[in-house]
Amino acid sequence: MSVIHATGLITAPVPVYFETFAPAAATDHPTIVMVHGGAHSGACYQRTADGRRGWAYLFAERGYRTVVPDWPGTGRSGYIPLDRLNGAMVVEGLGALIRGLGAPVTLLTHSMSGCYGWRLLELHGDIVDRLVGVAPGPPGNIQKAAPVYAETEREIETEASGQRVRIDKTAPVVPTRDFVERKLIGTSRYFPRERIAGYAASLRPIPPNILLERQNVHGRQVRVSEPGKLAGKRILVITGTDDLDHGREVDGAIVTWLNANGAKADFCFLADRGIVGNGHMLMLEDNSDEIAGIILDWLDDARTSPHQAS
């Protein structure tokens, strides 16, 4: 199926740049909005690490109009002063984009944007019908607060991914090579090692408020105010086996919390599918097409059949 590619920009309440990948022939499938994680832009859904077509194309070829934004304040969405930019503003901008697309919308989040997805589902559940969380960050409701070892007006010493880190609260946090190799790639069997340098060069600084929220420093992670609004929502959480911060117990706890609040959430830990060795960047790795197929099959099933607990 041929794919039509277009670009767009909303300007209020904050600028959000987005790209659309649409099947040439209209279908009755919902629109999918793919939200990138920290240190990335929407480009992570367009090309894999080794240069193959990314998920945006694969989902469009399966009949889903796919919209890929850059977070407010990130990439081609433009600059927002660091002292103003936080998760609430990202949610506000993405929410405006979603409402402009019209129902129904399926939301796909990854990593740091996971917490934005839970909040967007709460706020825009009349439009967002389903959500796929790819190694998603938890809502602040259930995330343990990171320790604070020292703090001044300018700097804070806390913990991230099991390491003690010092963060300048006034400057973007530039991804280090250690961050790339430990956190984003880790022990993955599927990330092409010869592509690491090019991948690392493509990454973007993370706004400090966003990073501190992700670690839930001072309890600042984005929360779901009314978890009952997630009741009845179809949700898939999918996680690889070699993801530093997203083990079976960690992401399984998100699914447990969702279902305790009435959602209809499934957990796909890839080892249960016989797929062992994926790291954090499922959409970039060598078997990304296979992972996309699992998500697409779930989406197709969710459109045509009642919920089946996994």
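The model is predicted. Its largest pocket has a volume of about 1,100 Å³, and its largest cavity has a volume of about 40 Å³. Two peptide bonds are described below as cis, Ala12 to Pro13 and Ala103 to Pro104.

**Largest pocket**

- The largest pocket, at about 1,100 Å³, is lined by 41 residues.
- Glu159, Ala160, Ser161, Gln215 and Asp245 are the lining residues closest to the centre of this pocket.
- At least two lining residues come from each of β8 (155-160), β9 (163-168), α4, α6 (208-214) and α7 (248-260).
- By residue class, the pocket lining consists of 21 nonpolar, 10 polar and 10 charged residues.

**Largest cavity**

- The model has one cavity of 30 Å³ or more.
- The volume of the largest cavity is about 40 Å³.
- Its lining is made up of His36, Gly37, Gly38, Ala39, His40, Trp71, Thr74, Arg204, Pro205, Ile206 and Pro207.
- Five of these cavity-lining residues are nonpolar, five are polar and one is charged.

**Helix α4**

- Helix α4 spans residues 177-185, and Val180, Lys183, Leu184 and Ile185 are buried in it.
- Viewed down the axis of α4, the buried residues fall within an arc of 155 degrees, so they line one face of the helix.
- An α-helix has 3.6 residues a turn, so residues three or four places apart point the same way.
- The buried residues of α4 pack against α5 (196-202).
- After α4 comes Gly186, with a positive phi near 60 degrees.
- Helix α4 also supplies at least two residues to the lining of the largest pocket.

**Thr66 in strand β4**

- Thr66 belongs to strand β4, which covers residues 66-69.
- The relative accessible area of Thr66 is 0%, so this residue counts as buried.
- A polar atom of the Thr66 side chain lies 3.0 Å from the backbone oxygen of Tyr64.
- Beyond four places in sequence, Thr66 touches Glu19, Thr20, Phe21, Ile32, Met34, Ala56, Phe59 and Ala60.

**Ala88 and Leu97 in helix α2**

- Ala88 sits in helix α2, residues 87-101, and Leu97 is also found in α2.
- Ala88 counts as exposed because its relative accessibility is 53%, the cut-off for exposed being over 50%.
- Leu97 has a relative accessible area of 3% and is therefore buried, since buried means under 20%.
- Leaving out neighbours within four places in sequence, the contacts of Leu97 are Ile10, Val16, Phe18, Val67 and Pro69.
- Ala88 and Asp251 are 163 residues apart along the chain, and their C-alpha atoms are separated by 23 Å.
- For Leu97 and Met283, 186 residues apart in sequence, the C-alpha to C-alpha distance is 23 Å.

**Cis peptide bonds**

- Most residues other than glycine have a negative phi, and most peptide bonds are trans.
- The bond joining Ala12 and Pro13 is cis, with omega about 5 degrees.
- Pro13 lies in the loop between β1 (3-10) and β2 (16-23).
- The bond from Ala103 to Pro104 is cis as well, with omega near -5 degrees.
- Pro104 is placed in the loop between α2 and β5 (105-110).

- Ser111 is not a glycine, yet its phi is positive, at about 55 degrees.
- The loop between β5 and α3 (114-123) holds Ser111.
- Ser111 has 9% relative accessibility and so counts as buried.
- Ala135, also a residue other than glycine, has a positive phi near 40 degrees.
- Ala135 lies in the loop between β6 (128-134) and β7 (150-151).
- With a relative accessible area of 1%, Ala135 is buried.

Notes. Residues numbered from 1 in each chain as written. Predicted model: local features only at pLDDT ≥ 70, side-chain atom pairs only at ≥ 80, totals over all residues. Heavy atoms only, no water. Buried < 20%, exposed > 50% of the residue type's maximum accessible area, 1.4 Å probe, protein only. Helix = DSSP H or I, 4+ residues; strand = E, 2+ residues; numbered from the N terminus. Arc of directions from axis to C-beta. Contact = heavy atoms within 4.5 Å. Polar contact = N/O pair within 3.5 Å; in protein donor to acceptor, adjacent residues only side chain to side chain. 1 Å grid on protein atoms, 1.4 Å probe; cavity = no way out; pocket = protein on both sides within 12 Å on 5 of 7 lines; lining within 4 Å. Points joined across faces, edges and corners; volume = space filled by probe spheres on them. Nonpolar A, V, L, I, M, F, W, Y, C, P; charged D, E, K, R; others polar.
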